[in-house]
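Trainee: Please take me through this model one feature at a time. I would like the general idea before each case.

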Amino acid sequence: MKLVIRQLSLHLQQFTLSVDVDIQHARTAIFGPSGAGKTSLLETIAGLRKPESAKISFNGQLFDDSERDHSLPVRLRKLGYVPQYDSLFPHLSVQRNLVYGSNCKPHEHTLDFHHIIDFLEIGHLLDRHVHSLSRGENQRVVIARALLSSPQLLLLDEPLTSLDAKLKNAILQQLQALHREFGIPMLFVTHDPVEAIAICEDVLLLQTGKIINRGDPAKLLG
Amino acid sequence: MSFSPLEWQIVRFTLAVCSFSTLLILPVGLATAWLLDRYRWPGKLLVETVVTLPLVLPPVATGLVLLKLFGRRGPVGHFLSHHFDVDVVFTWRAVVLAAAVMSFPLLVRSARVGFQGVDQRLEQIARTLGARDMRVFFTITLPLASRGIAAGILLAFARAVGEFGATIVVAGNIPGRTTTLSLEIFSAVQLGHDATAYRLLVVCVVIAFSAVWLSEVLMKKRLIG
């Protein structure tokens with residue numbers, strides 16, 4: 001994969017997010033303390049925030065080019081976004097949440113439903129209402145829903161936050177195997193060095209809106 | 001308590017025109033509520049004010065405005081009469097028109113509250129999953145705002161049933177043609193037909209109470225039980 005971000009500038013409350021980077025590793029972590037601009041960076045890539053300036057492309061497809069006033073609509077970016085907040089649609093069952101993305105593009109090839117359900121061990125939840133899910137179950141369903149939309153890149157925003165240690169470990173193992181199993185590259189936002197080391201092969205250290213270092217997670221964070 | 005055939009006809013007519021007027025304002029009301037809630041645009045404040053106006057203007061005054069607009073010499077009335085051979089004032093259409101205009105603000109206000117309660121981040125998530133704006137609106141926004149919208153529909157319907165002032169100006173009180181529950185209660189009181197007035201009063205109270213009570217339940221209840 002090749003995600004190219006050029007001259008990204010986005011004014012935030014405390015500072016300006018200023019990023020210029022090429023990302024080529026399939027499992028890359030964006031690591032930094034709370035309020036460093038990690039989520040804003042992810043949202044800008046997803047098209048959910050409009051930067052003051054930026055040229056962003058993914059595998060040759062232009063997402064944003066502020067000079068040409070170009071911004072690819074969110075739905076055409078084909079990114080699986082797993083946000084920090086509760087993002088399951090509360091009026092739909094688990095099953096209908098899961099197929100929401102594939103129903104939006106019935107003619108496109110999508111990943112095998114049962115493969116993903118089995119992989120994330122959520123088969124028993126399909127008929128449940130989302131309000132009845134535990135935090136861990138909720139996160140698994142959100143990840144499965146993103147995968148089922150057949151994204152070309154998975155954006156995970158601190159997906160393990162607020163999980164207890166046992167659950168965190170279980171989902172961590174699934175995330176470790178996820179790229180191998182489905183071949184989808186991922187950008188993984190975290191402030192936990194253990195998660196970054198366990199899942200990713202490259203890490204960008206973000207502080208007050210700037211990338212201050214990058215490299216092997218084990219060497220940088222270990 | 002038994003109703004005469006004429007009273008039944010009035011109840012049926014009132015329910016029919018009020019249902020029709022509520023259906024008529026639904027798409028426009030939802031679009032207005034949506035535009036007012038989600039976007040900034042020039043003239044927004046003016047539209048907000050005009051939409052709210054029927055709530056505060058004396059209904060008779062609103063009726064007079066409608067009479068001037070939809071009368072045969074009025075701009076809209078002349079157009080309709082000239083091009084489509086359709087008369088509005090002093091027909092059932094005027095009853096629908098008065099009910100629609102008077103109940104429109106209530107629908108818009110409740111629907112707007114419904115739209116305000118929708119977490120827009122969920123709409124964004126739907127877009128990341130590949131949904132077009134129209135699909136997002138019908139599969140995410142509308143269902144999540146449905147309680148506010150349903151409450152608005154009920155309130156608008158109840159307001160239409162209770163409409164009197166604008167209706168009597170623009171539609172008159174023509175037995176069998178434009179007489180609604182409210183107008184018949186007025187006539188019955190005027191003529192000293194107290195029994196008729198009280199029977200129809202009970203119908204009005206039942207409809208209004210049910211609609212307002214249901215709308216309150218809908219507005220207060222959480223989205224999912």
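Mentor: Chain B has 11 helices and 0 strands, where helices (H or I, at least four residues) and strands (E, at least two) are DSSP runs numbered from the N terminus. Read from the N terminus, its elements go α-α-α-α-α-α-α-α-α-α-α. This is a predicted model, in which local features need pLDDT of at least 70, side-chain atom pairs count only at pLDDT 80 or more, and totals for chains, interfaces and linings use all residues. Residues are numbered from 1 along each chain as its sequence is written, while chains are lettered from A and ligands numbered from 1 in the order in which they are written.

Trainee: What pLDDT does chain B average?

Mentor: Where pLDDT is low, the predicted coordinates should not be read in detail. The score is the predictor's confidence in each residue, from 0 to 100. Chain B averages 93, and 97% of the residues score at least 70. For the model, ipTM is 0.93 and pTM is 0.87.

Trainee: How many residues of chain B count as buried, as a percentage?

Mentor: A residue is buried if 20 or more other C-beta atoms lie within 10 Å of its own, exposed if 12 or fewer, and partly exposed in between, with C-beta atoms placed from the backbone. By that count, 42% of the 225 residues of chain B are buried. The C-alpha atoms of chain B fill a box of roughly 65 × 45 × 30 Å along the principal axes. Contacts are another view: two residues are in contact if their C-beta atoms, placed from the backbone, lie within 7 Å. Among contacts in chain B between residues at least 6 apart in sequence, 76% join residues at least 24 apart.

Trainee: Which residues of helix 10 of chain B are buried?

Mentor: An α-helix has 3.6 residues a turn, so residues three or four places apart point the same way. In helix 10 (residues 181–191) of chain B, the buried residues are Leu181(B), Ser182(B), Leu183(B), Glu184(B) and Ile185(B). They pack against helix 1 (5–38), helix 8 (146–162), helix 9 (165–170) and helix 11 (194–220) of chain B. Gln190(B) lies in helix 10 of chain B too, but counts as exposed, with 9 C-beta neighbours inside 10 Å. Its C-alpha atom is 20 Å from that of Trp8(B), 182 residues apart along the chain. After helix 10 of chain B comes Gly192(B), whose phi is positive, near 75°.

Trainee: Where is Ala208(B), and which residues does it touch?

Mentor: Ala208(B) is in helix 11 of chain B. It is partly exposed, with 16 other C-beta atoms within 10 Å. Leaving out residues up to four places away in sequence, Ala208(B) touches Ala158(B), Val161(B) and Gly162(B).

Trainee: Which residues touch the most other members of the largest nonpolar core?

Mentor: In soluble globular proteins, nonpolar side chains tend to be buried together. A nonpolar core here is a set of buried Ala, Val, Leu, Ile, Met, Phe, Trp, Tyr and Cys residues joined through C-beta atoms within 7 Å. The largest has 116 residues, and Leu155(A), Leu97(B), Ala98(B) and Val170(B) touch the most other members. Helix 5 (residues 92–116) of chain B gives the most to this core, with 15 residues. Not counting residues up to four places away in sequence, Leu97(B) touches Leu66(B), Phe70(B), Val88(B) and Val170(B).

Trainee: What does chain A contain?

Mentor: Chain A has 8 helices and 11 strands. Its radius of gyration, taken over C-alpha atoms, is 17 Å, close to the 17 Å that the globule rule (2.2 Å times the number of residues to the power 0.38) gives for 222 residues, so chain A is as compact as a globular protein of that length. Of those 222 residues, 41% count as buried.

Trainee: How are the faces of strand 7 of chain A covered?

Mentor: In strand 7 (residues 79–82) of chain A, Leu79(A) and Tyr81(A) on one side and Gly80(A) and Val82(A) on the other are all buried. Two strands pair if DSSP finds at least two bridges between them. Here 4 bridges join strand 7 to strand 8 (residues 153–157) of chain A, and the two run parallel. Tyr81(A) has Leu155(A) in strand 8 as its bridge partner.

Trainee: How many residues does each chain bring to the contact?

Mentor: Chain B and chain A bring 17 residues each. On the side of chain B that touches chain A, helix 6 (120–128) and helix 7 (133–144) of chain B each supply at least two residues. Helix 6 of chain B gives the most, with 7 residues.
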